[in-house]
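Here is a short report on how side chains meet in one protein model. Keep the sequence and the 3D view open as you read.

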Amino acid sequence: MSESIQTTEIAATADSASDTDLLAQTADAVRTAGAVLRERFGNVVPYRTREELMSALATNDDAALEVLRPRLTSLRPDARFVEDELAGGALPSGEWWVVDPAEGNVNHLHALPEWAVTATLVRDNRPVLTVVHLPLTGETYTALAGAGAHLDGRPLRVSPTADLGLGIVATSQARPDEDEKVVRRIGSSITAMLSDALVVRVAVPATLHLLNVAAGRIDAFWQFAGARADLLPGALLVTEAGGRITDAEGHPWTPQSESFLAAAPGVHTEAVATLSR
């Protein structure tokens, strides 16, 4: 073994150990932020205008970010924050925190239980680690690139289902201001899946569906458009749990892609065929 290879392998091992520690510390920060939102949860928050809605959403985000931003900055001082959680596309090189302080925020405002806090570290446009915490259940989902996906320390594996007709699939709703072409594409894809899959679930947020794909509870999730903060945490979890991530046509997925598909390997080809009709 050459000295250069030895040096490279030692450096890779050191990085992996460092990222393992970082994942644990990130999980602590996300749980702490989740506790803040849990204290705010319970009653339906009234609003009469879009401006009042946006203000209520921002108040939740800010409450969690007051915990997350300083904690994550102290863990990785040189990493930058993605300021717009709804943004998509590639990031500049280097390390970035992609954070959704209240994933499923509108559910939180309506006293619905489907919401979470997420933090993902992206290094040169590749997700390195992610944490998704569900404050109401206390569950914490984590993934580290090359080291697997876990729920509270227990390994996750995608479904062994090999027949889409026996599978549960899911998608997320378009945003209220989404392009009409995208909205119509979502509608036609749901219609196609209603013909081919056993059960179709439609709800927000995307991350919670992707947790279920990683855990083997749902066989596939698809979405058109979508933000980094919606998809990167679940993409890493599903990949590390043995699932396949592509666009809806079966091509490699990147944050610039116009569609997204996460599926158990046994139903991936059928799901692509259905979505391509």
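## A bridge along one helix

The side chains of R184 and E180 form a salt bridge, with N and O 3.0 Å apart. A salt bridge here is a side-chain nitrogen of Lys or Arg within 4 Å of a carboxyl oxygen of Asp or Glu. R184 and E180 sit 4 residues apart in helix 4 (residues 180–196), so about one helical turn separates them. Helices (H or I, at least four residues) and strands (E, at least two) are DSSP runs, numbered from the N terminus. Both R184 and E180 are exposed. Exposed means over 50% relative accessible area, buried means under 20%, and partly exposed lies in between (1.4 Å probe, protein chains only).

This is a predicted model: local features need pLDDT of at least 70, side-chain atom pairs count only at pLDDT 80 or more, and totals for chains, interfaces and linings use all residues. Residues are numbered from 1 along each chain as its sequence is written, and side-chain values use heavy atoms, with hydrogens and water left out.

Side chains of opposite charge can pair when their charged atoms come close. The structure holds 7 salt bridges. One of them joins D19 to R123, with the closest N and O atoms 3.1 Å apart. This pair links distant parts of the chain: D19 is in helix 1 and R123 is in strand 3, 104 residues apart. D19 is buried, at 7% relative accessible area. R123 is partly exposed, at 24%.

D28 forms a salt bridge with R31, and here the closest N and O atoms are 3.2 Å apart. Both residues lie in helix 1, 3 residues apart, about one turn of the helix. D28 is partly exposed, with a relative accessible area of 39%. R31 is also partly exposed, at 34%.

## Aromatic rings

How many aromatic pairs does a search of the whole structure find? It finds 3. Rings of Phe, Tyr and Trp (its six-membered ring) pair if their centres lie within 6.5 Å; planes under 30 degrees apart count as stacked, over 60 as edge-to-face and the rest as tilted. The ring centres of F41 and W115 are 5.5 Å apart and their planes meet at 40 degrees, so this pair is tilted. F41 lies in the loop between helix 1 (3–40) and helix 2 (50–75), while W115 lies in the loop between helix 3 (105–109) and strand 3 (116–123), 74 residues apart. F41 is partly exposed, at 23%. W115 is buried, at 2%.

W253 and F260 form an edge-to-face pair, 5.1 Å centre to centre with 85 degrees between the planes. W253 counts as buried at 17% relative accessibility. F260 counts as buried at 0%. F221, W253 and F260 form one aromatic cluster.

## Nonpolar cores

The largest nonpolar core has 55 residues. Such a core is a set of buried Ala, Val, Leu, Ile, Met, Phe, Trp, Tyr and Cys residues joined through side-chain atoms within 4.5 Å. Which residues have the most contacts inside this core? They are M193, W222 and F260. Helix 6 (residues 228–240) gives the largest share of this core, 7 residues.

Leaving out residues up to four places away in sequence, W222 touches residues including V169, I190, M193, F260 and L275. Contact means heavy atoms within 4.5 Å. Another core, of 23 residues, lies apart from the largest one; L23, A29, V67 and L72 are among its members.
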